[in-house]
Each structure stands twice: as structure tokens, then as C-alpha cells.
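Subject: A structure for you to explore

Hi there,

Here is the structure I promised to pass on to you. Please open it beside this message and follow along.

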Amino acid sequence: MTTTVDKSSPLRKPQLVSTDQPPLKKQRTKQRTVSDLNQVDQLKQLTTVVADTGDVNAIKKFSPQDATTNPSLIYKAAVMPEYASIVDDAVAYGKGDLSLTMDKLAVAFGTEISKIVPGYVSTEVDARLSFDTEGTINKARDLIKMYNEVGVSKDRILIKIAATWEGVQAAKQLEKEGITCNLTLIFSIAQAIACAEVGCTLISPFVGRIMDWHKKAKGVDGFAPSEDPGVMSVTAIYNYYKKYGYNTIVMGASFRNKEEILELAGCDRLTISPALLQELTNASSNVQQKLDASKAVKMDISKIDMTESTFRWMMNEDAMATEKLAEGIRGFAADIVKLEDIVKGKISAKF
């Protein structure tokens, strides 16, 4: 042991310092690199990840920013034993009124989800109102009122509406009232432009269902991710929005595989099923940004003046969009009827 002077001390008192030991090595803290992250975590660095499910437990698992539901997802969740109490509570609330019970059920699931995600929760109006502007507006107001009753602010809720012309007009009025909207079942640029021009908060352009249609029409088994018609549709919508400065959020939806998701990395939001979120969690390959707003503004894209007649004509000329929109509305309506049948049985047993 030798005596040295500690010059860092203001009194500079002699201190005993061991010179027999090797100098301490700097401890290195390992920095997480992109290669250390799974694909969900990488994707979250490029886009906002949303859970596409009504299963509360699945949402907890993946910690998304937002969550979306639809009649099909609510039906699947409502028949799961762990959510029986939510259904029973809605039945008690409705006191025999089927419509009121159905609205309460949607709000009850949304309320539980709002406790988990920090952002938006999408709740869909009855698909059978897809061609009824006033009916959609009134239903949206009823849903927001129910959310207010349980302390969920309307700025946490997106009212989900099918992107028919009538649905777009309903959203126009609701947005003026401060009720934010998610226009869904979007299969064409015409629908997307109409939504943006009335100030919709968010749109859900579908990917997988577009691919399904083209696979069948062309008799092929699939497409390369960059050539996937659904991916190309969402990309075109995203680029148009960024080119012309629309604030409406683009949230790609309805994915059939994780490659479609990765091909849209950089999109404002992507709503993803639990099964595909799990696949992305299990993978660690590098995720590259595919969509870029700064590049979109420089693109040569023609502006379209969207009127009702233009909207209807463009939809008429797009067989895929016309068929898939109608099919989607029918599908959601059918699942509402299935759920109503379950609820009717519970109402009969209780009242």
C-alpha cells in the first residue's frame, strides 16, 4: 500500500490507495440494436401498432397503442366463457330492449379495452345502417352518450362506419360535433378521398380482402408482397394523402399474412390480429420502412375532385371495390344477427 494525495478533495487529505490491484475496467452496458428486437417492436418504431380484436386478454399481451373492433370480433369475444359477465351485464342494463342491450354490449367491450390501450378504441355502428345517414348519426350519438355514462371521454372513441357515400356524409356531421370517426371497409381511392375531404379522423383501407378478390379473379395462389393488390391499394391511398396534405390517419387493415404488414411499414397505423402479432413477435428479421411521407409529397399524383357523382361512378367502375364493400356490410350484418340471437336467448331467460 502507498500513500497518494487525492487532488479531487478540496482539503487534499492523504488517502490510502491500493496499488497492488489492476485498474478497474469500465463496465459496458449492452445497447439494444435493431437486430435484438422482434418484428413487432421494430414495426412500432415506424408505425403505430393497433390490435384488431375484441379479446381483452389478447390486447393485454401485445400492448398496442389503439384497438379496433367490429361486429364479427365482438361476436367471437361474446361467446367466449371469460366474457360471459360482460354480456350478462349488458342484458341487465337493456331491461329487455334488444337494441339498447346490443349498444351497451359494444360499449362494454370498448370500455374494458379503453382501460388497456392508451389511445383510440373503435366501436362500430350497426352495419344495417350503412345506407342511412341520419340513422348512423343518431346511433353514433347514442354510443358516445353510453361511453360518457361510464366515464370514457369521446376523444378516446372512434365511431366506426362503413365507407358508403351515406356513411361518409354521416361522418362529416359527426366530426363537426367533435365525434371522431373511423371509416372502414375501404377498398378504393374514391372512398379514401371522400373520407379525407369531409375531415374523417381515420380510415381503414383493407388489404387481405382485396388480395382475396384478385386471387380468385386471376386464378393465382398469391402475390409477391410488393405486388399484392391490397398492399398497392393502401400504398396509393397513403401517398395521395401525404401528397395533398390530408390529416386523416391511414390505418391499413385486414391482413392475411405478416408479409403484407411488413410491406406497409411506415404507414400511419396498422391494425393487426393477435395471431399475426404473435408471428411478428416470433420473428426478428430486419424491418425496413416502405412508406415515406417525405417521398410521397414529391410524387406526380393527379388530384381528384370528389363529388357524389364522381364517387358513385368510380365505385361503379371498380368491380372489386363494389363487391367487397357490399360483401363486407353483409358479413358484419350477419354477425350482428348471430349476436342478437344469443342476446335474445339471455333476455328471454332473464325477463
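Which residue's side chain meets the side chain of Glu263 in a salt bridge? It is Lys290, with 4.0 Å from N to O. A salt bridge here is a side-chain nitrogen of Lys or Arg within 4 Å of a carboxyl oxygen of Asp or Glu. This pair links distant parts of the chain, 27 residues apart: Glu263 is in the loop between H11 and strand E10 (269-272), and Lys290 is in the loop between helix H12 (274-281) and helix H13 (293-296). Helices (H or I, at least four residues) and strands (E, at least two) are DSSP runs, numbered from the N terminus.

Before we go on, a word on the source. This is a predicted model, in which local features need pLDDT of at least 70 and side-chain atom pairs count only at pLDDT 80 or more, while totals for chains, interfaces and linings use all residues. Residues are numbered from 1 along each chain as its sequence is written, and side-chain values use heavy atoms, leaving out hydrogens and water.

Buried means under 20% relative accessible area, exposed over 50%, and partly exposed in between (1.4 Å probe, protein chains only).

The structure holds 16 salt bridges. One of them joins the side chains of Arg256 and Asp212 at 2.7 Å, N to O. Arg256 lies in the loop between strand E9 (249-252) and helix H11 (258-262) and Asp212 in helix H9 (residues 208-218), so the pair ties together parts 44 residues apart in sequence. Arg256 is partly exposed at 39% relative accessibility, and Asp212 is also partly exposed, at 27%.

Lys338 and Asp335 form a salt bridge too (3.3 Å, N to O). They sit three residues apart in helix H15 (residues 319-350), which means that about one helical turn separates them. Lys338 is partly exposed at 41%, but Asp335 is buried at 12%. Finally, Asp126, Arg128 and Glu340 are linked in a network of salt bridges.

**Two buried residues**

Where is Asn70? Look in the loop between strand E4 (66-68) and helix H3 (71-78). Asn70 is buried, with a relative accessible area of 10%. Its side chain reaches the backbone nitrogen of Leu73 at 2.8 Å. Leaving aside neighbours within four places in sequence, Asn70 is in contact (heavy atoms within 4.5 Å) with Glu124, Lys160 and Phe332.

Lys242, in helix H10 (residues 229-243), is buried as well, at 17%. Not counting residues up to four places away in sequence, Lys242 touches Asp268, Ala293, Ala296 and Val297. With the side chain of Asp268, the Lys242 side chain makes a polar contact of 3.1 Å. A polar contact is a pair of N or O atoms within 3.5 Å; within protein, one must be able to donate a hydrogen and the other to accept it, and residues adjacent in sequence count only if both atoms are side-chain atoms.

**An enclosed space**

Residues lining the largest cavity include Glu124, Lys160 and Phe332. A cavity is a set of points on a 1 Å grid over the protein atoms alone where a 1.4 Å probe fits but cannot get out, and lining residues have an atom within 4 Å of a point. Strand E6 (residues 157-162) gives the most to this lining, with three residues.

Enjoy exploring!

How values were computed:
On a 1 Å grid over the protein atoms alone, a cavity is a set of points where a 1.4 Å probe fits but cannot get out, and a pocket is an open set with protein on both sides within 12 Å along at least five of seven lines; lining residues have an atom within 4 Å of a point.
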